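These are my notebook entries on a two-chain model. I record what I looked up, in the order in which I looked.

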Protein chains: 2
Amino acid sequence: MFVILVYDVKEKRVGKALKVCRRYLHWVQNSVFEGELSRAQMERLRSDLREVLNLEEDSVVIYKFRTKHYFQRQTMGVEKGGEEEFI
Amino acid sequence: MFVILVYDVKEKRVGKALKVCRRYLHWVQNSVFEGELSRAQMERLRSDLREVLNLEEDSVVIYKFRTKHYFQRQTMGVEKGGEEEFI
């Protein structure tokens, strides 16, 4: 499946969350990641995130798609990362 | 079209960016918005954002879909906003 993940994580934990997400996904912007994951990888990502986050303070939104052909991505302003992975 | 918008905006401009995005979309999380827009509304949103942002420092990623039926959204942790709009 193709995944867009966005997190809103307190500063003290954001480094760890970044590291986990980069292990599975490509970085797009500050708190946004994209990538193709198997079901097993998705489960591991969620489990690794649960280990580093405080789910009473932090928030993660995961959008799942069958393929990435269902959407178009446009960027305004600074291109912060990962873009070249998808051209 | 259905739109997911994520911004990474410097703190001094984030209030204005939030206000613009809320005018067109539903707030999902810190810097994430969703909603159904016409092509004209999308153009106005982009133009309003250009007025409040510094595009040399700020970044906005817009994902566009024909419909919202192409994805599933999952949240981990705190539900921060807008969720009830889509149930």
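Predicted model: local features only at pLDDT ≥ 70, side-chain atom pairs only at ≥ 80, totals over all residues.

**Entry 1: chain A as a whole**

Residues are numbered from 1 along each chain as its sequence is written, and chains are lettered from A and ligands numbered from 1 in the order in which they are written.

Along its principal axes, the C-alpha trace of chain A spans about 35 × 30 × 20 Å. I found two helices and five strands in chain A, running β-α-β-β-α-β-β from the N terminus. Helices (H or I, at least four residues) and strands (E, at least two) are DSSP runs, numbered from the N terminus.

I then looked up contacts, where two residues touch if their C-beta atoms, placed from the backbone, lie within 7 Å. Of the contacts in chain A with a separation of 6 or more, 73% join residues 24 or more positions apart.

**Entry 2: burial**

Buried residues make up 32% of the 87 residues in chain A. The test counts other C-beta atoms, placed from the backbone, within 10 Å of a residue's own: 20 or more is buried, 12 or fewer exposed, and in between partly exposed. I checked A:Q29, which lies in strand β2 of chain A. A:Q29 counts as buried because it has 23 C-beta neighbours inside 10 Å. Its C-alpha atom is 19 Å from that of A:K12, 17 residues away along the chain.

**Entry 3: the helix pair of chain A**

The axes of α1(A) (residues 11-24) and α2(A) come within 10 Å and cross at roughly 170 degrees. Axes are lines fitted to C-alpha atoms, for helices over the stretch in contact, and angles run from 0 to 180 degrees between N-to-C directions. The two helices, α1(A) and α2(A), are therefore roughly antiparallel, a class that covers angles over 145 degrees. I listed A:R13, A:K16, A:A17, A:V20 and A:Y24 of α1(A) as meeting A:Q41, A:L45, A:D48, A:L49 and A:V52 of α2(A). By class, this contact has six nonpolar, one polar and three charged residues. Here Ala, Val, Leu, Ile, Met, Phe, Trp, Tyr, Cys and Pro count as nonpolar, Asp, Glu, Lys and Arg as charged, and the others, Gly among them, as polar.

**Entry 4: a sheet across two chains**

Which order do the five strands of the open sheet take? I read β2(A)-β3(A)-β1(A)-β4(A)-β5(B), with antiparallel pairing. Two strands pair if DSSP finds at least two bridges between them. The edge strands, each pairing on one side only, are β2 (26-29) of chain A and β5 (71-77) of chain B. The twist averages 25 degrees from one strand to the next.

Strand β4 (residues 59-65) of chain A pairs with β5(B) over seven bridges. Within β5(B), I found B:Q72 as the bridge partner of A:K64 and B:M76 as that of A:V60.

**Entry 5: the interface**

I found 32 residues of chain A in contact with 32 residues of chain B. On the chain A side, β1 (2-8), β2, α2 (39-52), β4 and β5 (71-77) each supply at least two residues. That side divides into 16 nonpolar, eight polar and eight charged residues.

Notes. Parallel < 35°, antiparallel > 145°, perpendicular 65-115°, else oblique.
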